[in-house]
Amino acid sequence: MAEPILSVRNLQTYFRPDEGIVRAVDGASFDLYPGRTLGIVGESGCGKSVTARSILRIVDRPGKVEGGEIVLRRHDGRLVDIVGLDESGAEMRDIRGGEIGYVFQEPMSSLSAFYTIGNQVMEAIHLHKRVTEKEARDRAIELLHLVGIPRPEQRVDSYSFELSGGLRQRVMIALALAAEPRILIADEPTTALDVTTQAQILELIRKIQEERKLAVVLITHDMGVIAEMADAVSVMYLGKIVESGPVDEIFHAPKHPYTQALLRSIPSVLAEPRSRLATISGSIPHPYARPPGCTFNPRCGNFMPGKCDQAPPPATTLSADHEVRCFLYGEGVAT
Amino acid sequence: MLTYTLQRFGLALITIWAISVISFVIIQLPPGDFVDAYIASLSASGSMVRQEEAQALRQLYGLDQPIWVQYWKWASRVAQGDFGTSMEWGRPVTEVLGDRLWLTVAVSLAAIFLTWGIALPIGIYSAVRQYSMADYAFTLIGFVGLAVPNFLLALIIMYFGFVLFDLNVGGLFSAEYQLAPWSWGKAKDLMAHLPLPALILALAGTAQLIRIMRANLLDELRRPYVATARARGLAEWRVIVKYPVRAALNPFASTIGYLLPFVVSGSIVVSLVLSLPTVGPLLLRALVAQDMFLAGTIVLLLGVLTVIGTFISDLILMWIDPRIRAGIHG
Ligand SMILES: Nc1ncnc2c1ncn2[C@@H]1O[C@H](COP(=O)(O)OP(=O)(O)O)[C@@H](O)[C@H]1O
Ligand SMILES: [Mg+2]
């Protein structure tokens with residue numbers, strides 16, 4: 001495969017409020033390739049958004065990227081470690097929007113109500129391109145057209161609160177694409193939308209990805225969305241990637257008990273009618289009270305006392321790009 | 001948008017009517033009718049009122065008629081600018097008031113804008129640098145400012161102004177302009193005198209406004225649109241000024257109107273100390289002397305000014321807030 005455009009290694013992003021320390025991202029690693037979609041999946045609170053924000057270095061205080069590497073291959077071929085950049089420096093700002101576009105989780109409140117959508121899209125264009133006011137406006141209209149907003153010449157002057165949720169999310173995508181980035185991070189882009197609109201937005205992302213050869217990071221808690229959209233998957237649990245691999249392998253031969261549980265929770269056409277949807281037993285532990293050893297052990301059906309609660313499991317390579325962190329595998333244990 | 005304007009305008013008219021009723025009630029409050037009071041005050045100063053004259057006065061004011069007729073007659077006269085006679089001063093109320101009303105408005109507006117000028121930037125800084133040393137320092141100074149009575153501050157500043165700079169900080173005019181008619185010189189003189197009393201009055205509201213601005217902005221800084229603005233590569237200070245500060249300032253536009261009565265009533269003691277020719281001290285004196293036409297008029301005019309101010313701030317709010325323009329309230 002080609003060289004990765006973005007390579008995250010052992011990322012650690014911690015929140016240190018007065019009460020303690022939250023290891024929101026605790027050693028995550030993954031690679032992103034041009035023209036491909038990496039799905040990051042996990043329950044709410046697993047650190048998906050913090051991972052995405054770490055890549056742009058826009059983690060809210062008191063959060064901070066404290067370790068690891070985020071190596072970006074810039075458009076001129078230079079390799080830059082984002083972790084080493086000044087958070088508010090010129091290069092970081094150039095990367096935000098210019099190289100990496102970000103679509104946020106909440107389309108309802110991610111646009112300011114005080115400025116027209118055109119104003120905000122044009123701002124994004126002006127920040128990265130030398131264009132006149134007129135050119136920026138034409139581009140903004142073009143972008144709104146690209147993301148499927150009807151009558152873009154008029155919509156460009158409307159305010160976010162005059163649009164439906166679906167249209168707002170389209171505007172957010174236009175905004176993320178304004179400066180022609182090569183990477184698009186979409187953080188649960190469809191969670192707040194109804195089912196029909198969800199399908200349309202996903203279709204739009206796929207279409208744009210093909211046209212622009214974008215590298216896409218698609219964050220979701222929904223394995224169904226992953227099946228539909230992603231080429232590769234990273235399954236995240238409590239700040240760690242517990243399993244990663246090509247979509248086919250993960251879906252056909254999931255290894256980690258957490259991945260298996262996530263897959264059982266997708267509604268399936270093959271399931272018995274009216275059978276209850278499987279849910280993962282137990283709930284996510286409190287951020288300040290992470291269990292020792294493998295953090296999934298209290299909820300795991302394959303829990304091995306004296307092993308799983310001692311030290312965190314190392315990564316085991318199962319095939320070329322299939323990796324899992326679980327004591328059931330590796331160290332000569334048959335799979 | 002038009003509906004909103006008309007609605008606000010209608011509300012303003014109703015409020016003005018209600019204020020006029022209250023003012024009328026204030027004027028009617030003392031026992032006996034006001035002609036009795038007028039006669040009493042005249043005879044106290046030695047002159048007598050003939051019976052026919054009293055009768056004529058009663059007829060003029062419709063005192064022999066039902067109360068709503070009296071209100072109507074009074075209101076029609078007020079509408080024509082005749083506010084009656086001040087008992088205590090023996091002169092028409094308009095004459096007693098003179099420029100005081102406008103000077104009050106000038107001092108109050110200057111104080112309000114100064115309050116904003118001081119408090120809003122500090123509030124913004126405190127929110128953006130929450131829990132920094134400066135944030136704590138401003139909070140401390142703010143509470144000290146809140147605890148020290150304004151008139152004391154006025155006295156201290158006057159004292160130091162006098163001792164250190166040989167300044168006479170009282171009043172709004174130099175002696176030579178006190179009674180002079182309006183001219184460029186007098187206006188300039190007013191401008192030179194205005195900052196100090198305005199500053200002293202402004203300091204009263206500053207601490208509170210800093211807290212409000214800080215809290216508003218902290219709220220806004222957490223909103224997703226701020227992260228969105230950062231994520232497109234906007235520099236941090238431009239993110240803050242263009243989006244959350246803009247949103248946090250919005251509510252202040254709607255407070256211009258009703259700050260006026262607060263400043264006027266809060267400024268009475270300071271105005272006495274600094275001998276400012278504003279309506280505050282006059283109102284106090286009118287109430288003490290039961291000079292009801294004067295007191296009623298001041299209440300009426302202040303009320304009407306407040307309503308007009310509120311109406312104007314509603315229009316400003318509509319102008320700056322697209323949601324209200326689009327007819328979405330809240
Ligand atoms: N601003 C914050 N302050 C403290 N902790 C935070 C903050 N934002 C996120 N976290 C912590 O980081 C963890 C991961 O959050 P997040 O990445 O938003 O999860 P998700 O996978 O649902 O996107 C959560 O457990 C949360 O406690
Ligand atoms: Mg999230």
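I take a contact to mean heavy atoms within 4.5 Å, and I keep in mind that this is a predicted model.

**Chain B, overall**

Chain B holds 17 helices and two strands, and its C-alpha atoms fill a box of roughly 85 × 60 × 35 Å along the principal axes. Of the 330 residues in chain B, 45% are buried.

**The largest pocket**

I looked up the largest pocket and recorded about 1,100 Å³ of space in it. Its lining has 31 residues, and those closest to the centre are A:Val59, A:Asp60, A:Arg61, B:Val128 and B:Arg230. I also checked which elements each supply at least two lining residues: they are β4 (63-73) and α2 (90-98) of chain A, along with α6 (100-128), α10 (195-221) and α12 (236-253) of chain B.

**A:Ser160**

Is A:Ser160 buried or exposed? I found A:Ser160 in the loop between α5 (152-155) and α6 (165-177) of chain A. Its relative accessible area is 4%, so A:Ser160 counts as buried, the cut-off being under 20%. Leaving aside neighbours within four places in sequence, I list A:Leu111, A:Ser112, A:Ala113, A:Ile117 and A:Arg168 as the residues in contact with A:Ser160.

How values were computed
Residues numbered from 1 in each chain as written. Chains lettered and ligands numbered in written order. Predicted model: local features only at pLDDT ≥ 70, side-chain atom pairs only at ≥ 80, totals over all residues. Heavy atoms only, no water. Helix = DSSP H or I, 4+ residues; strand = E, 2+ residues; numbered from the N terminus. Buried < 20%, exposed > 50% of the residue type's maximum accessible area, 1.4 Å probe, protein only. 1 Å grid on protein atoms, 1.4 Å probe; cavity = no way out; pocket = protein on both sides within 12 Å on 5 of 7 lines; lining within 4 Å. Points joined across faces, edges and corners; volume = space filled by probe spheres on them.
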